[in-house]
Amino acid sequence: MNTAATARAKVPVTVITGFLGAGKTTLLRHVLANAKGRRIAIVVNEFGTLGIDGDTLRACGVEGCTDEDIVELTNGCLCCTVADDFLPTMEALLDRATPPDHIVIETSGLALPKPLLKAFGWPSIRTRMTVDGVVTVVDGPAVAAGRFADDPAEVARQQAADPSLDHDNPLAEVYEDQLLCADLVVLNKTDLMTPAQADGVEAAIRAEIPRAVKVVRATEGKVDPAVLLGLDAAAEDDLAARPSHHDAEGGEHEHDDFESFVLPIPEQDSVEDFIARLKTLAAQHDILRMKGYATVRGKAMRLAVQGVGSRFRHQFDQPVPKDGPRTGNLVVIGQKGLDQIAIAAALAQG
């Protein structure tokens, strides 16, 4: 059998990764809006039990984007649940009467891409699909603010005081693993950065990755799908060139450093007061990510909220069901030890 013909017959899969709040779902919406007739299936994986990202994509209003084309996996991080969730999902997509032309996987913001790439070596899918490329979305302002970097002077001080202390930075490790696996890096949210900041972050990204990887800058995740899809990387055959902090551990990846929970949100009297309260909570508790929906008194549309650290965006996105409750839900994600009781009490206000 002709090897080139076999490779062409495989369904290409693009893995979109990036830390919490980097803009992966926004980028995906742009891909769907500019698919130009290509049948694209989306697999969305979230850290937590509430499928906010899948719901956001279904509300995109793009013609031809149907519910069956968006598959949600909220039962843990994909890189940890390959056999239980990932393989059956991919097999089901391939076995459709009309398989997709392209599959795009949006990983959890805490996922390591490399264990997922290894799954493409499983016999049931290896001959039927290939990893077209790993696209890593970077939150430019967060990197510029040092969110994923240790203070070298402070680390040195702590090491001098107690050499036995563990100075691992779980945020930095996840961010670096996502970069090291990339075939393309999207430096996102450049509209929130100065040109000098963007140049500095791009230089740091290039210094981090020990091979030639293209970096494209974007605002609101607006990157031409022709740039993202069709990289032909066959990444599953190139694992050695993608080092990971967890290689020595056999690729195992635990999320013990992070936690998430879903909190009910009562109907709000004021959008401005609600967002101000969320910003205060994020700063007080060092929350990494908040996302969800709320209802506002007198408004027929629900309020969609997305927060990264203390930066928040919100919009009224779709009607609240007339016979449904006037309540909402918010996913809260942070490092282990969040004061869930205090956060819940603050969010219980209407």
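# Questions on a predicted model

Student: In which loop does Arg242 lie?
Tutor: Helices (H or I, at least four residues) and strands (E, at least two) are DSSP runs, numbered from the N terminus. Arg242 lies in the loop between helix 11 (225–228) and strand 8 (258–265).

Student: What kind of model is this, and how are residues numbered?
Tutor: The model is predicted: local features need pLDDT of at least 70 and side-chain atom pairs count only at pLDDT 80 or more, while totals for chains, interfaces and linings use all residues. Side-chain values use heavy atoms, without hydrogens and water, and residues are numbered from 1 along each chain as its sequence is written.

Student: Is Arg242 buried or exposed?
Tutor: Buried means under 20% relative accessible area, exposed over 50%, and partly exposed in between (1.4 Å probe, protein chains only). Arg242 has a relative accessible area of 1%, so Arg242 is buried.

Student: Which backbone oxygen does the side chain of Arg242 reach?
Tutor: A polar contact is a pair of N or O atoms within 3.5 Å; within protein, one must be able to donate a hydrogen and the other to accept it, and residues adjacent in sequence count only if both atoms are side-chain atoms. At 3.3 Å, the side chain of Arg242 reaches the backbone oxygen of Asp238.

Student: Which buried residues does helix 12 have, and where do they fall?
Tutor: Helix 12 (residues 271–285) has 15 residues. Its buried residues are Val271, Phe274, Ile275, Arg277, Leu278, Leu281 and Ala282.

Student: Which exposed residues does the face turned away from the buried side of helix 12 carry?
Tutor: The buried residues of helix 12 pack against elements including strand 8 and helix 13 (340–347), where contact means heavy atoms within 4.5 Å. The face turned away from that buried side carries Glu272, Asp273, Ala283 and Gln284.

Student: In which sense do strand 10 and strand 11 pair, and over how many bridges?
Tutor: Two strands pair if DSSP finds at least two bridges between them. Strand 10 (301–308) and strand 11 (311–319) pair in the antiparallel sense, over eight bridges.

Student: Which residue takes a positive phi in the hairpin of strand 10 and strand 11?
Tutor: The hairpin has two residues between the strands. The residue with a positive phi, near 60°, is Gly309.

Technical notes. Expected span 1.5 Å × (residues − 1).
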